[in-house]
Amino acid sequence: MIKRTVTSPVLPILLISWTIFGLTSHYESINQLSIEDFTNIPSITVSSLSQWYYALTSIFLSNYGFSELFSNSIMLIVLSLVTCKITSYSEFLLTFIITGTVGNLLADFFMIHLSNNQVALPGYLSTEGQNGYIVGMSTALFGLLFYTVIIYAKSTQGKTKSKIDLFILTFWLFVCLVPWSYPFFEGEAFNASDYVHMGGGLVGVLLGITVTFFKKFDQSTPSYTNN
């Protein structure tokens, strides 16, 4: 049990995130530094390619407080119970980092596009939060969730699926997807948080499909040996 915990890819993510949270909570200078130089703000990230790392570092920040980091940590731990069964250590971490970073960048470009658009926006779109601080690991979590769903569906094809795994994936899909229906039923329009979540989810789906394709291609390619 201890060995499994130590070798889990969740551990370095949580250690980094909680350590940074502890430092930013107790030291105002560090908190201000994280806000000014490491937090994802669309107008800053898009303005200069040299500041792309804002989209990466922000997935380890939680300037919105303890409740945000705690809920994200719970989702990461529970989701890992499924993801770790079908991915390697490095695949897990790379998926988390890639979907979080690229998802943030996609959302940034989309929000900037909306803000520069001169036509009237549909009621379900909004640029609210464009200049605010978009922080936390939720973008990467959405990416990891959708990546897991794609890989899980392929890896368990033709096999008996675990009821616990299905429950975990169904529960988090429900929690994540249901709020996206609100804007279409006279609710509040999508905001910056919704865009980064969607960005992470989209990258997760595309990455999952790509990895599945290459794995299938690699398995179908005949290997030749010299006699």
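**Legends to the overview and close-up views**

**Figure 1. Overall fold of the protein chain.** In the protein chain, 79% of the contacts between residues at least 6 apart in sequence join residues at least 24 apart. The model shown is predicted. Its secondary structure amounts to 10 helices and 0 strands, and the order along the sequence reads α-α-α-α-α-α-α-α-α-α. The radius of gyration of the protein chain, 19 Å, is close to the 17 Å given by the globule rule for 227 residues, so the chain is as compact as a globular protein of that length. Taken along the principal axes, the box filled by the C-alpha atoms is roughly 65 × 45 × 40 Å.

Figure 2. Buried residues make up 40% of the 227 in the protein chain. Charged side chains number 9 positive and 12 negative. The centres of these two sets are 28 Å apart.

**Figure 3. The cysteines Cys84 and Cys176.** A search of the whole structure returns 0 disulfides. Cys84 takes part in none, and the nearest cysteine sulfur to its own belongs to Cys176, 18 Å away. A disulfide would require the two sulfur atoms to lie within 2.5 Å. Cys84 has a relative accessible area of 34% and is therefore partly exposed. Cys176 is likewise in no disulfide, its nearest cysteine sulfur being that of Cys84 at 18 Å. With a relative accessibility of 5%, Cys176 is buried.

**Figure 4. Asn63 in the loop between helix H5 and helix H6.** The loop that holds Asn63 runs between helix H5 (53–57) and helix H6 (66–86). Asn63 has a relative accessibility of 23% and so counts as partly exposed. Leaving out residues up to four places away in sequence, Asn63 touches Thr24, Asn31, Ser34, Ile35, Thr39, Glu68 and Val135. Leu81 is 18 residues from Asn63 in sequence, and the C-alpha atoms of Asn63 and Leu81 are 27 Å apart.

**Figure 5. Thr101 in helix H7.** Helix H7, residues 89–116, contains Thr101. Thr101 is buried, at 9% relative accessibility. When neighbours within four places in sequence are set aside, the contacts of Thr101 are with Ala55 and Leu56.

**Figure 6. Lys161 in the loop between helix H8 and helix H9.** Lys161 sits in the loop that links helix H8 (138–155) and helix H9 (163–177). Its relative accessibility is 34%, so Lys161 is classed as partly exposed. Apart from neighbours within four places in sequence, Lys161 is in contact with Tyr152, Thr156 and Leu166. Asn40 and Lys161 are separated by 121 residues in sequence, with a C-alpha to C-alpha distance of 38 Å.

**Figure 7. Ile16 in helix H2.** Ile16 belongs to helix H2, which covers residues 10–26. The relative accessibility of Ile16 is 40%, and the residue counts as partly exposed. In sequence, Ile16 and Ile164 are 148 residues apart. In space, C-alpha to C-alpha, Ile16 and Ile164 are 29 Å apart.

**Figure 8. Leu169 in helix H9.** Leu169 is part of helix H9. At 6% relative accessibility, Leu169 falls under the 20% limit and is therefore buried. Its contacts, with neighbours within four places in sequence left aside, are Leu79, Val82, Leu145, Thr148, Val149 and Tyr152. Leu121 is 48 residues away from Leu169 in sequence, and 34 Å separate the C-alpha atoms of Leu169 and Leu121.

Technical notes: Residues are numbered from 1 along each chain as its sequence is written. This is a predicted model: local features need pLDDT of at least 70, side-chain atom pairs count only at pLDDT 80 or more; totals for chains, interfaces and linings use all residues. Side-chain values use heavy atoms; hydrogens and water are left out. Helices (H or I, at least four residues) and strands (E, at least two) are DSSP runs, numbered from the N terminus. The radius of gyration is taken over C-alpha atoms; the globule rule is 2.2 Å times the number of residues to the power 0.38. Buried means under 20% relative accessible area, exposed over 50%, partly exposed in between (1.4 Å probe, protein chains only). Contact means heavy atoms within 4.5 Å. Lys and Arg count as positive and Asp and Glu as negative; His and the chain ends are not counted. The place of a charge is taken as NZ of Lys, CZ of Arg, CG of Asp or CD of Glu.
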